[in-house]
Amino acid sequence: MIYLDHAAATPVSRKVLEAMKPYFLNDFFNPSSAYLPAKKVASEYEEAKGKIAHAIGAKANDLIMTAGATEANNLAFTAVSPDGEVLYLKTEHDSVRNPAKRFAYQEIEVDKNGRILMDDLKAKISDKTELISVALANNELGTIQPLAEIATLIREVCFDRLSRGVKTPLYLHSDASQAMNLLDINVARLGVDLLTLNAAKVYGPKGVGALYVSHDVRLTPLTLGGGQENGLRSGTQNVPGVIGFAEALVNAKEHLNGNRKKYAEFRKILLDGIKDYELINKKHSLDNFVVLCFDGLDAERLVYLLEDREVYVSTGAACAASKGVRSHVLTAIGLSDSETNGSLRLTLGETNTKEQILEAVEIINEVVAGEKARIHA
Ligand code: PLP
């Protein structure tokens, strides 16, 4: 099998699995229990949170652990008051778009590479805007956004509001789910107030995530109960999951530069070897994303034909692909219906070798040529 869909899911790495195992078996205790072995687990849980926080330049207490990025994104929007307005990038994941739609919202436009149009953002900020959500890297294109620039603009808006006696806060939220493997993330450098993390995309367990929350942001819990995670996310802690997430993030940090080099080389092999495509994510992309348009072909058919050859790729976000919905991301960057229909997303990861990439090139060329011959027959 040649797996080229790491943006959809990454396998749990051996090291992560080994780190998690004891917490399923011997150290299974509830961290809130009073006896010593449980206290030990509680302290190891906090230590793991500390490692995750350290990886993004934060402290354990700044993190609310969640059951994945969807929950973290939903939790971020609880910072908004009922009358507040929100802005989000048109290409955001549904777990940002849908909670945003509970408020008065506007979408920020992007250019043909999926980069934010700063003038559009500026024009759409009003005195009632309370939250702006822009993913650090997009999950269909890999487009990296200039978060520090957005944060600077937000600071200017906040100063202006203060000078006019407007007390409404304005926060920057970013979903970093796809970026953690490839970018060195630091919350202060990015200038974010809220940051979503996702273990499932960094060779950690699925259903584990976190929301970084800066000190001045006030959230409302989505679940009420025993008061875990500073009262913001009640429920017994997922100790093995969080231990695994910490291990995964430490590994991701260690391999950041090596992986980037490897993916850049693999990307070049794909781009040089595959025939007759238009490259969609030309600029500002994570190194492991390759989005190709075979105009006039049906990418969904290509996915199934490639699956027959044991090459696993995607037409876009896994959740949209499974519903057969046209990609809102590809539409947002201005692709026509026919271009959107013909677009394939290949996402590279740690399971890939150079030999696999060379083989994938051959198989993709054969499958595409076969489809063209079928259409023109
Ligand atoms: N945000 C982004 C950018 C994603 O790519 C994903 C998953 O594909 C999510 C959020 C949702 O993550 P989860 O399904 O783990 O909650």
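An open sheet of three strands, in the order β9-β10-β12 and with antiparallel pairing, is present in the predicted model (strands are DSSP E runs of at least two residues, helices H or I runs of at least four, numbered from the N terminus; two strands pair if DSSP finds at least two bridges between them). Because β9 (278-279) and β12 (343-347) each have a single partner strand, they stand at the edges, and one side of each is left without a neighbour in the sheet. Antiparallel pairing of β9 with β10 (residues 289-293) extends over two bridges, and L279 has L292 in β10 as its bridge partner.

The model is predicted, and local features require pLDDT of at least 70, side-chain atom pairs count only at pLDDT 80 or more, and totals for chains, interfaces and linings use all residues. Residues are numbered from 1 along each chain as its sequence is written, and side-chain values use heavy atoms, with hydrogens and water left out.

The residues around the ligand (a heavy atom within 4 Å) are G68, A69, T70, N73, H93, S95, N139, D175, S177, Q178, N198 and K201. Helix α3 (residues 69-76) supplies the largest share of this shell, three residues. A polar side-chain atom of D175 lies 2.5 Å from a ligand nitrogen atom. Ligand oxygen atoms are placed 2.8 Å from a side-chain N or O atom of Q178 and 2.7 Å from one of K201 (polar contacts are pairs of N or O atoms within 3.5 Å). The ligand taken alone exposes 400 Å², of which the protein buries 80% (Shrake-Rupley method, 1.4 Å probe).

Definitions and conventions
Polar contact = N/O pair within 3.5 Å; in protein donor to acceptor, adjacent residues only side chain to side chain.
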